[in-house]
Amino acid sequence: MNDKKVVGEKAVEYVKDGMVVGLGTGSTVFHTISKLGKLVEEGLSIKGIPTSNQTEKLAKGVGIPLVTFNEIEQIDLAIDGADEVDDDFNLIKGGGGALLREKIIAKAAKSFIVIADPHKRVNKLGSFPLPVEVVPFGYEMTMKHIQNLGCNPKLRQSNGIPFLTDNGNYIFDCSFPIIEHPRELEKSLNMIPGVVENGLFVGMADKIITLNKEKSIIINGRV
Ligand SMILES: O=C[C@H](O)[C@H](O)[C@H](O)COP(=O)(O)O
């Protein structure tokens, strides 16, 4: 059984005719987007707004009509994966480098559903290095300020050169000890000049779709 496929396809049940849907990035939401493409083919009428160039390409490929922010009033629902999910619905995202657009879209959505295979579930965030997007200008100095918050930042590389996000920025993957206070850390990071955004999503997710040990689907909703 493909856990990512199971949770990814389950999320499709929340998509209704006429909705504007925020389309996340990654290997879990791949299954959501593929399934939505099939439903569009069968007559479902939705508009998608992608969180990355990769997702834009995928969504176009499966026939989902896309919109941009200047064409819509609001996003009804955003669906996305995560790198870590804690018991309080806090997330680490950005393993694929799409965290900035993902956060903009999650924030704009009336409802935000996170799909996570069981490996993503943790008691406390921090085993997965936290992605932090920074502008290239002065990144060496930005790195020192990030480091002062108590982590070991590594500049993400791709084929021997710095990885570039869809926004033309760099990513530091920051190994913290366990993150005890995600809200505070999220704010402190974003106070550093040069930091564009970080992968902590605190208090944003409304629903987590995952699997339990027996591989049954569980859906946790914020009360
Ligand atoms: O930048 C990438 C995103 O935050 C992804 O949603 C996250 O990395 C999870 O990806 P996957 O579903 O491939 O594990």
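Predicted model: local features only at pLDDT ≥ 70, side-chain atom pairs only at ≥ 80, totals over all residues.
Biologist: Which helix holds E102?

Modeller: E102 belongs to helix α4.

Biologist: And what is E102 in contact with, leaving aside its neighbours within four places in sequence?

Modeller: With those neighbours set aside, the contacts of E102 are T25, T51, D80, K93, G94 and F201.

Biologist: T25 interests me. Which residues are closest to the centre of the largest pocket, and what volume does that pocket have?

Modeller: The volume of the largest pocket is about 200 Å³. Its lining comprises 18 residues, and T25, G26, S27, D83 and G96 are the closest to the centre.

Biologist: How does that lining divide into nonpolar, polar and charged residues?

Modeller: In the largest pocket, ten lining residues are polar, six are charged and two are nonpolar.

Biologist: What about the second largest pocket: how much space lies in it?

Modeller: The second largest pocket holds about 160 Å³ of space. Its lining consists of K103, A106, K107, A109, S111, F112, E186, V202, G203, M204 and D206. Of these residues, five are nonpolar, four are charged and two are polar.

Biologist: Which elements each supply at least two residues of that lining?

Modeller: Helix α4, residues 99-108, and strand β6 each contribute at least two residues to the lining of the second largest pocket. Helix α4 is also the helix in which E102 is found.

Biologist: Let us stay with β6. How many of its residues are buried?

Modeller: Strand β6 spans residues 109-115, and five of its seven residues are buried, which leaves the strand mostly covered.

Biologist: Which strands are joined to β6 by bridges?

Modeller: Strand β3, residues 75-80, runs parallel to β6 and is joined to it by five bridges. Strand β14, residues 207-211, also runs parallel to β6, with three bridges between them. Among the bridge partners, A109 in β6 pairs with I75, and I208 in β14 pairs with V114. A109 also lines the second largest pocket.

Biologist: Now T32. Where is it, and is it buried or exposed?

Modeller: T32 is in helix α2, residues 29-41. Its relative accessibility is 1%, under the 20% limit, and T32 therefore counts as buried. Not counting residues up to four places away in sequence, T32 touches G8, A11, V12, I79 and I115.

Biologist: And A59: what surrounds it?

Modeller: A59 lies in helix α3, residues 53-61, and is buried, with a relative accessible area of 0%. Leaving aside neighbours within four places in sequence, A59 has contacts with L23, I33, I64 and L66.

Biologist: Which domains does the assignment give?

Modeller: According to the domain assignment, domain 1 covers 3-118 + 202-221 and domain 2 covers 130-198. The centres of the two domains, taken over C-alpha atoms, are separated by 24 Å. Across the two domains, 15 residues of domain 1 are in contact with 16 residues of domain 2.

Biologist: What does L130 touch, not counting residues up to four places away in sequence?

Modeller: With those residues excluded, L130 touches I92, F172, D173, C174, F176, L185, L189, N198, G199 and L200. L130 is in strand β7, residues 130-134, and counts as buried at 0% relative accessibility. The C-alpha atoms of L130 and G199 are separated by 6.1 Å, although the two are 69 residues apart along the chain.

Biologist: One last topic, the backbone. What is phi of F89, and what is phi of N159?

Modeller: Phi is near 70 degrees for F89, a positive value in a residue other than glycine. For N159, phi is near 50 degrees, again positive in a residue other than glycine.

Biologist: Where do they lie, and which is buried or exposed?

Modeller: F89 is in the loop between β4 (84-85) and β5 (91-92), and at 11% relative accessibility it counts as buried. N159 is in the loop between β9 (157-158) and β10 (161-162). At 79% relative accessibility, N159 counts as exposed, because exposed means over 50%.

Technical notes:
Residues numbered from 1 in each chain as written. Heavy atoms only, no water. Buried < 20%, exposed > 50% of the residue type's maximum accessible area, 1.4 Å probe, protein only. Helix = DSSP H or I, 4+ residues; strand = E, 2+ residues; numbered from the N terminus. Pairing = 2+ DSSP bridges. 1 Å grid on protein atoms, 1.4 Å probe; cavity = no way out; pocket = protein on both sides within 12 Å on 5 of 7 lines; lining within 4 Å. Points joined across faces, edges and corners; volume = space filled by probe spheres on them. Nonpolar A, V, L, I, M, F, W, Y, C, P; charged D, E, K, R; others polar. Domains from an automatic or database assignment. Contact = heavy atoms within 4.5 Å.
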